[in-house]
Amino acid sequence: MTYSTMGSVVLVGAGNMGGAMLSGWLKNGVPGSSVTVIDPGPSEGMLKQIADAGATYTKDVPAGLIAGILFLALKPQVMEAVLPPLKSLVGPQTVVVSVAAGKTLAFMEHHLGAAAMVRAMPNTPAMIGRGVTGAFANDAVSAEQRDMVHRLLKVSGPVEWLDGEEQINAVTAVSGSGPAYVFYLVECMAEAGRKAGLQADLAMRLARETVAGAGELLHQSPDAAAKLRQNVTSPGGTTAAALAVLMAEGGMQPLFDEAIEAARKRAEELAG
């Protein structure tokens with residue numbers, strides 16, 4: 001299956017995540033003429049992008065259209081209201097892809113009927129093409145459909161396919177919510193720097209660029225994170241002194257264990 005033979009791609013929701021996905025698709029060869037965007041109020045910039053690509057925009061569900069891929073980039077709290085009218089878009093060859101956190105395949109099947117479905121969990125760096133997505137496909141998804149969904153998802157970064165839907169909650173806790181943990185790390189480093197005598201704005205610049213640079217090094221290097229950490233750590237040096245605190249019995253690992261588990265449990269609760 002190629003982009004030109006996959007049928008109509010219907011994107012429901014053209015906000016930050018949906019808009020980022022659409023931009024990636026168009027840049028990677030998805031014909032604009034095959035894309036329909038349904039959104040009650042996209043930005044002016046998004047409307048221009050849709051028009052420039054030759055895609056179709058509508059506020060309402062088009063009559064008579066059957067989607068090849070129905071991509072749901074919706075907030076979880078609106079799914080209950082938005083899904084029922086979309087059932088008319090689902091045919092025997094349709095694959096439904098949802099990136100709504102906490103909404104299970106069973107929930108979508110209840111509203112859309114039995115169909116090939118993929119549940120995916122991207123994260124916010126997807127908006128700059130540097131995200132990572134965990135995805136699970138039900139048994140109705142064919143190999144060709146899975147390949148095409150993979151190609152659509154990977155425009156925003158690597159895609160990791162999961163063995164069971166229940167793993168989505170752990171993915172949500174680790175990578176879905178993970179960018180917030182990193183941003184908070186920057187805040188903590190900057191505040192510690194301020195307390196150590198730096199001006200607040202200087203401490204923030206140092207912390208921000210350090211985390212961004214370390215992330216890029218991790219991205220480009222073939223070495224494991226542990227190896228990169230060891231490369232920075234001279235025996236008896238300043239880094240070793242700091243790591244002795246962070247890696248102590250009550251340090252970062254037990255805190256992250258607790259934080260990830262709290263997020264996983266919350267994702268489980270939201271899924272019902």
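I began with helix α11 (residues 252-271), where Arg264 and Glu268 both lie, 4 residues apart, about one turn of the helix. Helices here are DSSP runs of H or I of at least four residues, and strands are E runs of at least two, both numbered from the N terminus. I noted that this is a predicted model, in which local features need pLDDT of at least 70 and side-chain atom pairs count only at pLDDT 80 or more, while totals for chains, interfaces and linings use all residues. Residues are numbered from 1 along each chain as its sequence is written, and side-chain values use heavy atoms, with hydrogens and water left out.

I looked up the contact: the side chains of Arg264 and Glu268 meet in a salt bridge at 3.4 Å, N to O. The term requires a side-chain nitrogen of Lys or Arg within 4 Å of a carboxyl oxygen of Asp or Glu. Arg264 is partly exposed at 23% relative accessible area, and Glu268 is partly exposed at 41%. The classes are buried under 20%, exposed over 50% and partly exposed in between (1.4 Å probe, protein chains only).

Next I checked helix α7 (residues 178-195), which holds both Lys195 and Glu191. Their side chains form a salt bridge at 3.9 Å, N to O. Lys195 is exposed at 62%, whereas Glu191 is partly exposed at 32%.

I then counted salt bridges and found 9 in the structure. One of them joins Glu216 and Arg130, with the closest N and O atoms 2.9 Å apart. This pair links distant parts of the chain, 86 residues apart: Glu216 is in helix α8 (residues 200-220), Arg130 in the loop between β6 (116-121) and β7 (133-137).
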